[in-house]
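Subject: A structure for you to look at

Hello,

Here is the structure I promised to pass on. Please open it next to this email, and follow along as you read.

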Amino acid sequence: VSDIIFKMKVFLPNSLKLCFTALAISVVLALPLGIIAAVKQNTLFDGACMVVSLVGVSMPNFWLALILMIVFALNLGWFPTSGSTEPIHIVLPAATLAFINMASIARVTRSSMLEVIRQDYIRTAQAKGVPYNRVIKKHALKNALIPTITVVGVQLGELLSSTIIIENIFAWPGIGRQLMQAIDSRDMSTMIACVMVFAVFVSLINMCVDILYSIIDPRISI
């Protein structure tokens, strides 16, 4: 078991690098999309964002991974289909994970922003002559981030579990691929070690999310 845990020091960082890269991409893209869709509710942009989000939520990650591999790796030859030695190897697996999580984060951000911008204090700030962009950035966005942070924390835990499939498709040397190999070889010790790592990681994420609540909104106590 000690040898297995030692191997985790090699495979776990690869999985975490993939997860955090995908999360960074999804958050950077999803937050602006969700905010703009809420501000421009019932417009063409809002409808397009919701259609893309619906497709992202409904699409299986293994199917998207195969489509990206066929289009961008086999047909166009822009990215490799496997490996982890160069930064370009992480593009396709991270994009696969990011697109599906981006859809969920964008939908929650839009719903939260719509609820906040209809509050009385937002209308009061506008009535006082505060520019609308400042109202959105300073007043609405901060209060709308609580549900978004919750979803981001949940999505980060799901990202690590999703790597089990994505790492095997793209031959990424992470803990998910090691878990699948352990299942194939009926290696119970490795399976237990991998599951324990997943459990500890999810617990740490939940703790960090609770701490972020109190940082964003001081009215919430840990």
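Let me begin with a definition: two rings of Phe, Tyr or Trp (for Trp, the six-membered ring) form a pair if their centres lie within 6.5 Å. Please keep in mind that this is a predicted model.

**Aromatic pairs**

How many aromatic pairs does the structure hold? There are three. One of the pairs found is Phe72 with Trp78, whose ring centres are 5.8 Å apart and whose planes make an angle of 40°. Planes under 30 degrees apart would count as stacked and over 60 as edge-to-face, so this pair is called tilted. Phe72 and Trp78 also belong to one aromatic cluster together with Phe79.

In soluble globular proteins, nonpolar side chains tend to be buried together. Here, the largest nonpolar core has 42 residues, and Leu156 and Leu159 have the most contacts inside it. At least two residues of this core come from each of α1 (2-39), α3 (61-75), α4 (91-117), α6 (132-169), α7 (175-184) and α8 (188-216). Which helix gives the largest share? That is α6, with nine residues.

If you click on Leu156, look for Cys19, Phe20, Leu23, Phe201 and Ile205, which Leu156 touches when residues up to four places away in sequence are not counted. Another core, of twelve residues, lies apart from the largest one, and Met113, Leu114, Val116 and Ile136 are among its members.

**A buried histidine**

Next, find His89 in the loop between α3 and α4. His89 has a relative accessibility of 14%, and buried means under 20%, so His89 counts as buried. Beyond its neighbours within four places in sequence, His89 is in contact with Pro80, Ser82, Gly83, Ser84 and Trp172.

**One face of a helix**

Finally, turn to α7, where Ile175, Gly176, Gln178, Leu179 and Ala182 are buried. Viewed down the axis of α7, the buried residues fall within an arc of 160°, so they line one face of the helix. After α7 comes Arg186, which has a positive phi, near 55°.

Enjoy exploring, and send me your questions!

Best wishes

Technical notes
Residues are numbered from 1 along each chain as its sequence is written. This is a predicted model: local features need pLDDT of at least 70, side-chain atom pairs count only at pLDDT 80 or more; totals for chains, interfaces and linings use all residues. Side-chain values use heavy atoms; hydrogens and water are left out. A nonpolar core is a set of buried Ala, Val, Leu, Ile, Met, Phe, Trp, Tyr and Cys residues joined through side-chain atoms within 4.5 Å. Buried means under 20% relative accessible area, exposed over 50%, partly exposed in between (1.4 Å probe, protein chains only). Helices (H or I, at least four residues) and strands (E, at least two) are DSSP runs, numbered from the N terminus. Contact means heavy atoms within 4.5 Å. The arc is that of the directions from the helix axis to the C-beta atoms.
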